[in-house]
Amino acid sequence: MFALNETTEAAEGAMLMPMARTAIGEMPKLLGWNLPADEQHLVHDHWRGFPAPPYYMHLMLAMIYFVLMNTSIIGNGIVLWIFGTSKSLRNGSNMFIINLAIFDLLMMLEMPMFLVNSFSERLVGYGIGCSVYAAFGSLSGIGGAISNAVIAFDRYRTISNPLDGRLSRVQAGLLICLTWLWATPFTVLPLFEIWGRYIPEGYLTTCSFDYLTDDQDTRVFVGSIFTWAYVIPMLTICYFYARLFGHVRQHEQMLKAQARKMNVESLTANRNEKAQAVEMRIAKAAFTIFFLFVCAWTPYAIVAMIGAFGDRTLLTPFVTMVPALCCKIVSCLDPWVYAISHPKYRQELERRLPWMGIKEADDSVSTTDSKQTVVSDQQQQQQQEGN
């Protein structure tokens, strides 16, 4: 066993510092206690003074991650299976849902590594294992964030312009390529330590980019990745969903105004209930998407900004383990939020997996209604232009 505690020189000789003593005079295990001497450089100075967590904490986190891993594999796997094999679901908009499921599954590749790390109470693979773990997290996290923004753009464009607003499969493919290109720079740069680096965090069983080193280069890197991976996707999501809500509200006001001119109670009497249900579904899905994005990445953003610019004493090992857990939970919820509200997806689930107990009405009625809506909107616009 090599010494992990500092000593103070006294006249009588070297003495252990008070923190190193326990009630029975034994030295407590500190973070990094089971790493060999030639791998101690992996432990950032910020973590060296913290006691190692008890083994049951590693086991508890491993059990939670095991449940999340299986939930994500099942949920996102079903999304890929249904959307990838159903002809009725092969369109540009649904390609974004498939892309998000791929990013979520990519994040799940961290899970087996984390389980092994937790049982071993250390990083298995040391520096290489840390880099691989963090690279999967960076690529899937940034890719998932910008995919949320692309989905917000697609939904706004489709709903605000139903006639020619839908993206073709080629256009959708280009946007999907953009999401992967967007996630690449801040994955590759720290991987090869061109700018930034990956280091262990928390209980030293997970890894992320370095936000603890106290120098200008690290602060600029953290500020850049904060803007690139959090601020820009967040602003994009807010902008397009705000435009979407504004369009829906403006559309309803136009219908009511036209109904008053024509001295009728409603222009959509035969589909009032269905229209309201569709609008509520849009509103709830949009809010849920935004809420999940905030829950997933705000804790990580806060921790990173505190580490780079704030009081680092607030960042205990347990505190820095929470954001990673939030991201994993949200990646498990994504397939249900994005896909379970899709009528045709639900119909396929009902047909292929009847044991799930999902019941979805035939959407032929809604398709007819949507076509009538477009025609009636065009007629109303023509009437307004004539007036």
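A residue is called exposed when its relative accessible area is over 50%, buried when that area is under 20%, and partly exposed in between. Keep those cut-offs in mind for this predicted model.

**Stop 1: Asp-214 and Arg-219.** Select Asp-214. Its relative accessible area is 56%, so Asp-214 is exposed. Arg-219 is partly exposed, at 22% relative accessible area. Asp-214, Arg-219 and Arg-312 are linked in a network of salt bridges. The structure holds seven salt bridges.

**Stop 2: helix α10.** Select residues 343–352, which make up helix α10. Show the side chain of Glu-348. Is Glu-348 buried or exposed? With a relative accessible area of 12%, Glu-348 is buried. Two salt bridges can be inspected here, one at a time.

- Arg-351 pairs with Glu-348 at 2.7 Å, N to O. These two residues sit three apart in the helix, about one turn. Arg-351 has 57% relative accessibility and therefore counts as exposed.
- Arg-352 also forms a salt bridge with Glu-348, with the closest N and O atoms 3.1 Å apart. Here the spacing is four residues, again about one turn of the helix. Arg-352 is partly exposed, with a relative accessible area of 22%.

**Stop 3: the disulfide.** Select Cys-130 and Cys-207. Their sulfur atoms lie 2.2 Å apart and form a disulfide. The count for the structure is one disulfide. Which parts of the chain does the pair link? Cys-130 belongs to helix α4 (residues 126–160) and Cys-207 to strand β4, so the link joins distant parts of the chain, 77 residues apart. Look along the S-S bond. The torsion there is about -125°, so the disulfide is left-handed. Both Cys-130 and Cys-207 are buried.

Now move to Cys-327. Cys-327 is in no disulfide; the nearest cysteine sulfur belongs to Cys-326, 6.8 Å away. Cys-327 is buried, at 5% relative accessible area. For contrast, select Cys-238, which is partly exposed at 32%.

**Stop 4: Thr-205.** Select the loop between β3 (198–201) and β4 (206–209); Thr-205 is found there. Strand β4 is also where Cys-207 lies. Thr-205 has 0% relative accessibility, so this residue counts as buried. What does Thr-205 touch, leaving aside residues up to four places away in sequence? Show His-58, Phe-114, Asn-117, Ser-118, Glu-121, Arg-122, Leu-123 and Met-321: Thr-205 touches each of these.

Terms used: Residues numbered from 1 in each chain as written. Predicted model: local features only at pLDDT ≥ 70, side-chain atom pairs only at ≥ 80, totals over all residues. Heavy atoms only, no water. Buried < 20%, exposed > 50% of the residue type's maximum accessible area, 1.4 Å probe, protein only. Contact = heavy atoms within 4.5 Å. Disulfide = S-S within 2.5 Å. Salt bridge = Lys/Arg side-chain N within 4 Å of Asp/Glu carboxyl O.
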